[in-house]
Amino acid sequence: VRQEYVAVTNFFGNRLIIGLHARVFEKTHDWHVVPPQPSSENQSFAQSWDQVASLDLHLHASLQALQRHPNALIFVASNSPQAKQFLLSRLPRTHAVSLGHNLERDSLAGIRGALLDFMLLAESSLLLHTFGSSFGEEAALGRPALASIRIRKHGHVLGTELTKPFCNHPLFENADYNTKSISDEEDQQQKKCYFDEERSTSSPKSWRHREVCTRPLVRIHCDTVIKTWGVRDVYC
């Protein structure tokens, strides 16, 4: 993996690298883990990555960034070969690359490929990744100087930022909220709870009513990030 990593980064050279990671929902492996968005019809059920961040949204955000930085190179990664092909076929050939390795998560080759993708995404200057996906989220933590944007319908969200409170990470922010002493009434007013609709009926009975509860997080229009990277409708 290290040898491949060195070879690819040497190929990158001094070009500005925009990492693009599209996480696609796989029913056999994944759960609905994304909190219901404000536009969701049913606020009780979690959503899939596909429902919140379509491939078209990933494509449009990367093209906006490329328009701002026309000499950049986009490194495309995904857990789905079909998603990678969709994105590569619509990005300029001279400005987009990807690795053609095995993506099966149960194979050694697939694990190595995912690790290599992860390491290369962490080397980008800007990382665009699916809202709610921990793969992109953790890759963005690999380098303090890396800017990241969570791709999401109805407004993207600035990713991890070490200079902001709680590193601009929703898990850290919610963890802090959960440690504070507040009344039950105030807690009920602020938090929203949701669960996986499909798993609630197919999982063991003891799991069927498990809810995840978080409070809504407030974000504002991120003008500086928009001007720097060209990606519109980003909130931080």
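A: Let's start with Leu-88. Setting aside its neighbours within four places in sequence, Leu-88 is in contact with Val-76, Ala-96, Val-97 and Ser-98. Bear in mind that this is a predicted model. Leu-88 itself belongs to helix α4, which covers residues 81-90.

Is Leu-88 buried, exposed or partly exposed? Its relative accessible area is 25%, and buried means under 20% while exposed means over 50%, so Leu-88 counts as partly exposed. For a sense of distance, take Ala-77: this residue and Leu-88 are 11 residues apart in sequence, and their C-alpha atoms lie 10.0 Å apart in space.

Helix α5 supplies the largest share of the lining, with 4 residues.

Next, have a look at strand β4, residues 126-130. Here 5 of the 5 residues are buried, so the strand is largely enclosed by the rest of the structure. What does β4 pair with? There's strand β1 (residues 17-22), which runs parallel to β4 and is joined to it by 4 bridges. Within that pairing, Leu-20 has Leu-128 of β4 as its bridge partner. Then there's strand β5 (residues 147-151), also parallel to β4, with 5 bridges joining the two. In this case Leu-126 has Ala-147 of β5 as its bridge partner. To get from β4 to β5, the chain goes through helix α6 (residues 134-140), making a β-α-β crossover that is right-handed.

Finally, step back to the whole protein. You'll find 10 helices and 9 strands in it. Of its 236 residues, 44% are buried. And if you take the contacts with a separation of 6 or more, 57% of them are between residues 24 or more positions apart.

Key. Residues numbered from 1 in each chain as written. Predicted model: local features only at pLDDT ≥ 70, side-chain atom pairs only at ≥ 80, totals over all residues. Heavy atoms only, no water. Buried < 20%, exposed > 50% of the residue type's maximum accessible area, 1.4 Å probe, protein only. Pairing = 2+ DSSP bridges. Right-handed = clockwise from strand over helix to strand, strands pointing away. Contact = heavy atoms within 4.5 Å.
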